[in-house]
Amino acid sequence: MENSDSNPTVMPVSYEPNKPVSEKKATLEKTEEEVNDSPIEEVRLTVPITDDRTLPCLTFRTWILGIISCAALAFLNQFFGYRQNALSITSVSAQILVLPLGKLMAASLPTKQIKFPGTKWSFSLNPGPFNLKEHCLITIFANAGSTSVYAVNIVTIIKAFYHRKLNPVPAMLLTLSTQMLGYGWAGIFRKFLVDSPYMWWPSNLVQVSLFRALHENETRRKGGLTRLQFFIVVLISSFSYYIVPNYLFPSITALSFVCWIWRDSVTAQQLGAGVHGLGIGSFAFDWSTVAGFLGSPLATPGFAIVNMLVGFIVVLYVVTPIAYWNNFYDAQKFPIFSSHVFDASGAPYNISAILNEKAFDFNREAYDNYSKVNLSIIFVLVYGLSFATLAATVSHVALFHGRTICKQMKASFQDKFGDVHTRLMRKNYEPVPQWWFHSILIFVIAVSLFACEGFGRQLQLPYWGVLLAMALAFIFTLPVGVITATTNQQAGLNVISEMIIGYMYPGKPLANIVFKTYGTISMSQAITFLSDFKLGHYMKIPPKSMFLVQLVGTVVSSLVYFGTAWWLLTSIEYICNPAKLPAGSPWTCPGDDVFYNASIIWGVVGPLRMFGKLGLYPGMNYFFLFGLLAPVPVWYFSRKYPEKKWIRMINAPILISGAGGLPLAKSVNYMCWFSVGLFFNLYVYKRFKGWWARHNYLLSAGLDAGVAFMATLCYFTLQFNGIDGPSWWGLAVDDHCPLAKCPTARGIVVHGCPVVQ
């Protein structure tokens with residue numbers, strides 16, 4: 001590693017390796033007068049301040065490779081999403097693969113212009129060397145394909161969990177409208193979340209680093225590697241190693257040595273299990289365990305990791321043990337760590353017993369004669385944390401960024417704010433007209449209302465519910481966007497949206513999840529679009545080209561995700577039903593299982609009977625007040641002691657949500673994520689800033705891509721053909737802590753667990 005004083009990447013580097021030297025010099029002379037005045041150090045170290053307006057963008061190669069990348073990633077992510085070890089293939093994989101394909105097309109396709117008959121329009125199959133801007137737009141296509149389509153979860157639980165028929169037409173309209181609604185909010189807030197230099201979107205720096213490594217000419221230093229060589233070494237190493245955790249030794253994805261020592265102790269296994277317990281001492285030798293549920297820790301700022309670590313420790317190792325072993329909410333009747341719902345006897349809740357089969361709504365009399373819905377203590381606390389996080393997000397943004405947002409709102413009308421990147425974009429390219437965004441918004445609202453009100457109201461949600469969900473998304477896009485753009489951590493609206501519609505329209509499970517999807521995903525998609533716009537901002541892509549690519553990519557990915565899901569749900573017998581699937585079948589749908597249980601809690605039973613006066617958990621509502629007040633002391637002391645910079649680093653929403661990924665993400669995921677993130681984004685960043693600036697984001701991209709390539713290759717060449725790894729102890733995708741899932745209350749009988757007398 002090298003000292004930061006020797007870092008060569010802080011100097012502007014041209015993106016034009018194929019241009020003549022004289023032309024390069026002319027371009028650089030124009031940009032040398034620009035000062036790299038970005039206020040964010042990571043951006044100054046990573047993003048160059050040069051631009052070449054002559055590079056073609058929306059070429060034949062861009063459309064062909066972009067649409068293929070988008071469709072392929074959409075198919076693979078939905079295909080792998082139903083498996084026990086759900087695999088998310090990111091756009092980094094496509095970003096790497098399309099480079100040689102683009103260069104091959106540039107070397108082999110004819111350069112002759114092709115004219116459209118009767119018009120002045122023409123295009124070339126080969127407008128010149130494959131360039132960085134084409135590559136970036138193809139990656140934006142791939143981003144659309146790698147972003148999961150939330151509405152497909154609705155289709156899945158209706159067909160595979162509730163076992164009901166569904167008309168594919170409203171389901172398809174639901175899928176398209178929820179994915180495209182975010183364009184309207186993105187258009188409204190892009191001045192604040194894209195043009196502002198303080199909204200720096202940390203995750204984009206991974207792709208910027210990779211683009212530079214793939215396209216810039218760099219002289220290898222003696223005894224060192226170029227950035228491209230470093231990336232290739234990491235990619236090959238990750239690819240070669242991943243056959244071990246993915247195929248030969250899956251148990252290495254979660255190692256819990258406490259369970260191996262105390263094999264007969266329920267308490268010890270609850271404390272030490274990395275998958276179904278508190279994970280004390282658990283670890284893994286698998287990058288997918290590190291980054292699978294929480295994203296790459298290398299792309300998360302160090303201060304955010306520290307905030308999350310503090311919140312995680314407080315929740316998992318202070319609050320949870322106190323609550324569980326003091327038997328709050330009869331916690332000892334149920335597993336300490338579970339996302340399922342239970343009845344009063346500790347058995348899995350029989351949801352069919354409280355549903356009217358014909359109307360598909362809540363049967364109150366049957367519910368009163370059966371049991372209230374019970375949750376594990378972890379699940380209860382996570383819901384409380386989600387309440388607090390949302391309230392803290394609004395409060396934090398108002399206190400810390402409210403004045404800045406007001407200034408930006410005023411300055412946005414006068415075009416007075418921005419850094420070097422904003423100045424270059426405004427000088428070189430036309431912005432996207434606002435009416436483009438508004439037109440799509442109006443059209444998608446109409447489609448949404450038609451999907452819900454038409455087709456015999458099969459989706460159960462009335463028109464006012466659709467409009468209310470949209471209003472909710474509109475209100476929260478800005479505060480959540482600010483948090484995401486500065487910390488790489490995104491708060492969701494899923495819980496608050498479930499609660500609102502649960503109180504207003506109880507007992508309708510489909511209405512609840514459709515409302516949640518319109519509210520949550522339109523905001524989430526807006527933030528995704530804004531993030532892509534910021535990537536284009538950094539890479540100096542014409543905004544109109546970005547808009548068209550995002551629009552087409554969203555439509556293509558929605559259709560492919562929906563088609564793939566419908567095909568699998570109608571062709572694989574007993575999909576998502578582990579009890580009836582053949583032994584070793586991977587089609588267990590773990591993510592959809594959590595979604596299904598949430599639909600029971602909020603949609604069938606409703607918040608009144610869960611978190612209201614008729615439920616078991618009304619105390620969780622105090623978390624809203626806690627979240628609203630939590631940022632206040634931080635804000636007060638940061639103003640009282642401005643010289644103490646560390647106080648401003650305390651981010652209440654991130655701290656509170658430190659354990660918010662539970663129980664879908666397991667404690668072993670958090671353990672590994674924190675370890676890697678703290679090492680690279682605190683220790684390495686401070687001690688070896690030059691190395692970090694050159695290699696940190698490339699390391700993340702290489703590890704991600706290697707895992708994705710090997711997992712895909714392994715599945716289609718071996719596992720798809722029924723060729724499993726060697727049969728031995730390490731083949732189980734488990735941490736070998738069977739007793740961690742057991743209750744500890746007296747007299748509760750659970751298969752495979754000792755009964756406490």
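Reader: Which residues are buried in H9?
Author: In H9, the buried residues are Asn204, Leu205, Val206, Gln207, Val208, Ser209, Leu210, Phe211, Arg212, Ala213, Leu214 and His215. Buried means under 20% relative accessible area, exposed means over 50%, and partly exposed lies in between, with a 1.4 Å probe and protein chains only. This is a predicted model, in which local features need pLDDT of at least 70 and side-chain atom pairs count only at pLDDT 80 or more, while totals for chains, interfaces and linings use all residues. Residues are numbered from 1 along each chain as its sequence is written, and side-chain values use heavy atoms, leaving out hydrogens and water.

Reader: What covers the buried residues of H9?
Author: The cover includes helices H2 (41-46), H4 (91-108), H5 (132-146), H10 (227-241), H22 (509-539) and H30. Contact here means heavy atoms within 4.5 Å. Helices (H or I, at least four residues) and strands (E, at least two) are DSSP runs, numbered from the N terminus.

Reader: How far apart are the end C-alpha atoms of H9?
Author: They are 17 Å apart, which agrees with the 16 Å that the twelve residues of H9 (204-215) should span at 1.5 Å a residue. The expected span is 1.5 Å times one less than the number of residues.

Reader: Turning to the whole protein, how many helices and strands does it have?
Author: The protein has 30 helices and six strands. Its radius of gyration is 26 Å, close to the 27 Å of the globule rule for 757 residues, so the protein is as compact as a globular protein of that length. The radius is taken over C-alpha atoms, and the rule is 2.2 Å times the number of residues to the power 0.38. The C-alpha trace spans about 85 × 65 × 60 Å along its principal axes.

Reader: What share of the residues is buried?
Author: Buried residues account for 58% of the 757. Among contacts between residues at least 6 apart in sequence, 80% join residues at least 24 apart.

Reader: Now the aromatics. How many aromatic pairs are there?
Author: There are 59 aromatic pairs in the structure. One of them is Phe75 with Phe79, whose ring centres are 5.6 Å apart and whose planes meet at 25°, so the pair is stacked. Rings of Phe, Tyr and Trp (its six-membered ring) pair if their centres lie within 6.5 Å; planes under 30 degrees apart count as stacked, over 60 as edge-to-face and the rest as tilted.

Reader: Where do Phe75 and Phe79 sit?
Author: Both belong to helix H3 (60-81), four residues apart, which puts about one helical turn between them. In general, an α-helix has 3.6 residues a turn, so residues three or four places apart point the same way.

Reader: Is Phe79 buried or exposed?
Author: Phe79 is buried, at 3% relative accessible area, whereas Phe75 is partly exposed at 28%.

Reader: And what kind of pair do Phe249 and Trp729 make?
Author: Their ring centres are 6.5 Å apart with planes at 55°, so this pair is tilted. Phe249 lies in the loop between helices H11 (243-248) and H12 (257-261), and Trp729 in the segment after H30 (689-717), so the pair ties together parts 480 residues apart in sequence. Trp729 is partly exposed, at 43% relative accessibility.

Reader: Which residue lies over the face of Trp566?
Author: That is Lys159, at 4.6 Å from the ring centre. Lys689 lies over the face of Tyr685, at 4.8 Å from the ring centre. A charge sits over a ring if NZ of Lys or CZ of Arg is within 6 Å of the ring centre and within 35 degrees of the ring normal.

Reader: On the backbone, which residues does the cis peptide bond join?
Author: A cis peptide bond links Leu662 and Pro663, with omega about -5°. Pro663 is in the loop between helices H28 (652-656) and H29 (667-687).

Reader: What is phi of Phe360?
Author: Phi of Phe360 is near 55°, a positive value in a residue other than glycine. Most residues other than glycine have a negative phi, and most peptide bonds are trans. Phe360 is in the loop between strands S4 (355-356) and S5 (361-362), and it is buried at 4% relative accessibility.
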